[in-house]
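This report covers the strands, helices, cores and chain contact of one model. Please look at the sequence and structure first.

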Amino acid sequence: MTRSWRIGALLAGAAFAVLLVWGLSQMQARREAENQLINRYQQAFFDSIGHVENVEVLLSKGIASSAPEQIVSLFADLAREASAAQANLTQLPLQQGTMMRTSRFLTQVGDFAYSMTRQAAGGSPPDSDSSDLMQRMRREAELLSAALHQIQQEAGDGPMPWEELRRGSNATLREDSKHIQQTGFTRLESHFQQIPTIQYDGPFSDHLLQREPRGLVGERVSEARAEEIALRFIGGNREAGAEAQAIRRVEGGDIPAYTISVDPPGDRAEVVMDVSIKGGHIVWMIDKRQVGSAQLSLNDAIDRAQRFLEERGFENMTPTYASQADNRAVIPFVPEIDGVRIYPDLLKVTVALDDGSIVGYEALGYLMSHQERTIDSPEVSAADAREQVASRLNVTDEPRLALIPTPTLNEVLTWEVAATHGEELFLVYVNAANGKEEQVLRIVQTSEGDLAL
Amino acid sequence: MRRIVATLVLFVFSLVSIPLALQPAGTVKPSYVAAQNVPVLRWGATGQSVRTLQWRLQQWGYYDGSIDGVYGAKTYGAVVNFQRKNGVWPADGAVGEKTWRALGLLNAVSGGAATAPANQPASTQGEAVSYVNRSDQLDLLARLVAAEAQGEPYEGQVAVAAVILNRVEHPSFPNTLSGVVYQPHAFESVSNGLVWRRTPSDEAVRAARNALNGWDPTYGSIFFWNPYKPVSSWIWSRQIVVRIGNHVFAH
């Protein structure tokens, strides 16, 4: 009896020892992993402070400097530092939405610096407006840097308590520091919510973040009317058994719309589309049916898509670089008016390659930018544009006129020159008014189609 | 006495085996029988596909239990009821291809190991070798769609992909796809690793491709959340654009 007790005790002791060793090793592994993570966060935090300091210094130099070459290199540095600061700040483990305005400010500084580089490279020095803006941005950068330093100091000797900051809980934080640390980031954020709007010639400027759809012409349509429009768009009618029903409303976006679900006759799959409340335009359409293996060529598909658009009142639409994947072809179309391709007014048609039916349509870009335009005649001739490109590349096609969007949502008339360099295909856009090169796209051929980069 | 010893040893072993059981589910083979890649669910089945099933049954008013991913008595009753009312024969409570189709979830639950090669971006198989392509982006995006929006209507899956792409373009978020996806605490499925455990279905890949092609059913939204799940109250202060399936999309 006593013997078996002893064996039992021995076994229990051994088991306990095994458990203890295992538990300790687990704890150590967990601590190591945790430290590694905290170190990554600490690094991101320290890096963001460093980059914000550099932003402040570079902005002050930008104000002091006047030589164009100097300005170009200063602002190139500024753009890089601001974007690095933003990248590091957005990798901190804070609650969602904590640093949205702060990182937007840094994006705008970088974007502004980029637009200044372009301007300075074009030979024009900073005007008084941009000097004022630089002064303002510099003050904000000073404040940001000071606030980050303060948050760091309040963490005391150790690393920042990242997990507590996120959860907003305070279990392990010292009473005195927790308040300031938790609110440090939040306070920073609310400061940046209140700063005046920042306007300059760049895509993230405050005046461009709000935009109105230009192509949304027409009267407000009722839900019942939108259902009719949806039915007609896919060529269905109620007599044949098709049914359309509004299933939800899109209210807060650029284009308020009804979402209509169309149930075609028979056992065909549902078709869903958005019909704009103003004007009753189709914003997008998707046919959810399964698509079988491809029978049609891409050219057949382009013909089908073109006919589809013509039947729906879109005239003069020209197909551009189509892509093909998953037995479907996506064909972008742009209007061509008097020989000018209007690239901002892009819409896309998806054709199923099994029977050539239209299974997708997307016109948000078209509805946002389409309008009546008066297009000036070009000052620069096609031959001059060609000449300009031919000095470096082999021009393959006759240049043609194209209206292209700029990053700041303006439009500029250009000559589109297709050219090759070795095996690579490029599209070079030469401004038709002053002969400056506006943009270069490289066409990359992938198995899914051509990609313009 | 010997029994006590045996019990003790068993106890120790069961303790040691806990961490093994806690390993990511992806390393453990799913327990259901796969026919044509569609999970067949019966009484006692567990997992994400059961959750998807319960969610849809609840949405359509057949099920009032909790969405716990366990196929129990309540789920059985709801499935049989659904099968009877929708002419799925036999109404035996087994959820196979026919029932999944009737539920409109056939595409959502199909996929898995056997379809994986089809999900491989075509460019890795095709002849055209290029140094630039979008296949990595497509794969990452499709993974997030699969993890965040499985069982959602198709346009709801495109919408999730579109939100991610909208963030890349937005000044308040990182300006690369990986920066947005891996931003700490941005997506639950990335935080808990689900994004790596689920193979994207063909539908998820198609949704990601659609979004990369520029389709945005959310009109520039940068947030989405499931109102049935606990979310921070802050998020409701955003301007809501549209609600698709189980997700609210907002600026």
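Two strands pair if DSSP finds at least two bridges between them. Helices (H or I, at least four residues) and strands (E, at least two) are DSSP runs, numbered from the N terminus. The model is predicted: local features need pLDDT of at least 70, side-chain atom pairs count only at pLDDT 80 or more, and totals for chains, interfaces and linings use all residues. Residues are numbered from 1 along each chain as its sequence is written, while chains are lettered from A and ligands numbered from 1 in the order in which they are written.

**Strands of chain A**

Start with β10(A), residues 358-362. It is mostly covered, with 5 of its 5 residues buried. A residue is buried if 20 or more other C-beta atoms lie within 10 Å of its own, exposed if 12 or fewer, and partly exposed in between; C-beta atoms are placed from the backbone. Strand β4(A), residues 282-287, runs antiparallel to β10(A) and is joined to it by 3 bridges. Trp284(A) has Glu362(A) as its bridge partner there. β9(A), residues 347-352, also pairs with β10(A), in the antiparallel sense over 4 bridges. Here Thr350(A) is the bridge partner of Gly360(A). β9(A) and β10(A) form a hairpin with 5 residues between them. In its turn, Gly356(A) has a positive phi of about 80 degrees.

Next comes β7(A), residues 328-337. Of its 10 residues, 8 are buried, so β7(A) is largely enclosed by the rest of the structure.

| Partner of β7(A) | Bridges | Residue pair |
|---|---|---|
| β5(A), residues 317-319 | 3 bridges | Thr318(A) opposite Val334(A) |
| β6(A), residues 323-325 | 3 bridges | Gln324(A) opposite Ala329(A) |
| β8(A), residues 340-342 | 2 bridges | Ile337(A) with Val340(A) |
| β9(A) | 6 bridges | Phe333(A) with Leu347(A) |

Two hairpins involve β7(A). The one with β6(A) has 2 residues between the strands, and Asp326(A) in the turn has a positive phi of about 60 degrees. The one with β8(A) has 2 residues between the strands, and Asp338(A) takes a positive phi near 50 degrees.

**A helix of chain A**

How far apart are the end C-alpha atoms of α3(A)? They are 32 Å apart. The expected span is 1.5 Å times one less than the number of residues. For the 22 residues of α3(A), 100-121, this should be 32 Å, which agrees. Since 17 of the 22 residues are buried, α3(A) is largely enclosed by the rest of the structure. Gly123(A) follows the helix, with a positive phi near 100 degrees.

**Cores**

A nonpolar core is a set of buried Ala, Val, Leu, Ile, Met, Phe, Trp, Tyr and Cys residues joined through C-beta atoms within 7 Å. The largest has 101 residues. Met273(A), Val145(B), Ala161(B) and Ala208(B) have the most contacts inside it. Another core, of 36 residues, lies apart from it; Phe75(A), Ala79(A), Tyr114(A) and Ala120(A) are among its members. Two residues are in contact if their C-beta atoms, placed from the backbone, lie within 7 Å. Not counting residues up to four places away in sequence, Met273(A) touches Ala230(A), Phe233(A), Ile260(A), Ile282(A), Trp284(A) and Met285(A).

**Chain B**

Chain B has 12 helices and 5 strands. Of its 251 residues, 39% count as buried. β3(B), β5(B) and β4(B) form, in that order, an open sheet of 3 strands with antiparallel pairing. β3(B) and β4(B) stand at the edges, each with a single partner strand, so one side of each is left without a neighbour in the sheet. β3(B) pairs with β5(B), residues 247-250, over 3 bridges. Phe224(B) stands opposite Phe249(B). α8(B) packs on the sheet, touching β3, β4 and β5 of chain B.

α12(B) is mostly covered, with 9 of its 11 residues buried. Ala208(B) is one of them. Just after α12(B), Gly214(B) takes a positive phi of about 105 degrees.

**Where the chains touch**

The contact takes 43 residues from chain B and 47 residues from chain A. On the side of chain B, the elements that give two or more residues are α1 (2-21), α8 (154-169), α12 (202-212) and β4 (240-244). α1(B) gives the most, with 7 residues.

Conventions:
Axes are lines fitted to C-alpha atoms, for helices over the stretch in contact, and angles run from 0 to 180 degrees between N-to-C directions.
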